[in-house]
Amino acid sequence: MSSLRQKQLVKKAHGTYGVLLFTLEWKEKRKEILKRDKHVCRVCSSTEKLQIHHRQYHYSLTLRKFKKPWEYPNKLMITLCEKCHQSGHNKFKVPIKYI
Ligand SMILES: [Zn+2]
Ligand SMILES: [Zn+2]
């Protein structure tokens, strides 16, 4: 897969994520991860503006779409504060796993 195509996929996934993050399924999953991480950022221990970060995105080649944000195993999600989350995304590209 070309890297341009990959970029487009990520962009698309993020667009969808924006909407999906307001769903009940995600709220429940988010609560679960926050609880596991004791409501602190795993990088700087801040308790402000916590967000959940996905370490990987899974793209299903058969369904031709990304998994829903709450369909990932918990170990692929971590709690980060807004600041660490943003700087993480600026530094690293989230790997996409094709499944
Ligand atoms: Zn932080
Ligand atoms: Zn993230």
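Is arginine 64 buried or exposed? Arginine 64 counts as exposed, at 62% relative accessibility; here buried means under 20% relative accessible area, exposed over 50% and partly exposed in between, with a 1.4 Å probe and protein chains only. This is a predicted model, in which local features need pLDDT of at least 70 and side-chain atom pairs count only at pLDDT 80 or more, while totals for chains, interfaces and linings use all residues. Residues are numbered from 1 along each chain as its sequence is written, chains are lettered from A and ligands numbered from 1 in the order in which they are written, and side-chain values use heavy atoms, with hydrogens and water left out.

**Overall layout**

- The chain has 3 helices and 5 strands, where helices (H or I, at least four residues) and strands (E, at least two) are DSSP runs numbered from the N terminus.
- Starting at the N terminus, the order of elements is α-α-β-β-β-β-α-β.
- Of the chain's 99 residues, 34% count as buried.
- Among contacts (heavy atoms within 4.5 Å) with a separation of 6 or more, 74% join residues 24 or more positions apart.
- The accessible surface is about 6900 Å², and carbon and sulfur atoms hold 57% of that; the areas come from the Shrake-Rupley method with a 1.4 Å probe, and for residues only the protein chains shown count as cover.

**The zinc ion with four cysteines (ligand 1)**

- Cys41, Cys44, Cys81 and Cys84 each coordinate this zinc ion through SG, at 2.3 to 2.4 Å.
- Donors are N, O and S atoms within 2.8 Å of the metal (3.2 Å for Na, K and Ca), and water is not among the atoms, so sites may look incomplete.
- For comparison, the ideal angle for four tetrahedral donors is 109.5 degrees.
- Along the chain, the donors of ligand 1 follow the spacing C-x2-C-x36-C-x2-C.
- Cysteine 41 sits in the loop between helix H2 (24-36) and strand E1 (50-54), and cysteine 81 in strand E4 (residues 77-81), so the pair ties together parts 40 residues apart in sequence.
- Cysteine 41 is buried at a relative accessible area of 2%, and cysteine 81 is buried at 4%.
- The whole structure has 0 disulfides, a disulfide being a pair of cysteine sulfur atoms within 2.5 Å.

**The zinc ion with three histidines (ligand 2)**

- His53 (ND1), His85 (NE2) and His89 (NE2) coordinate this zinc ion at 2.0 Å.
- The donor residues of ligand 2 are spaced H-x31-H-x3-H in sequence.
- Histidine 85 and histidine 89 lie 4 residues apart in helix H3 (residues 82-91), so about one helical turn separates them.
- Histidine 85 is buried at 14% relative accessibility, whereas histidine 89 is partly exposed at 30%.

**The nonpolar core**

- The largest nonpolar core has 20 residues, of which Cys41, Ile52, Tyr57 and Met77 touch the most other members.
- Such a core is a set of buried Ala, Val, Leu, Ile, Met, Phe, Trp, Tyr and Cys residues joined through side-chain atoms within 4.5 Å.
- H2, E1, strand E2 (57-60) and E4 each supply at least two residues of this core, and E4 gives the most, with 4.

**Backbone points to check**

- Lysine 38, in the loop between H2 and E1, has a positive phi of about 55 degrees although it is not a glycine.
- Arginine 64, in the loop between E2 and strand E3 (65-66), also has a positive phi, near 55 degrees.
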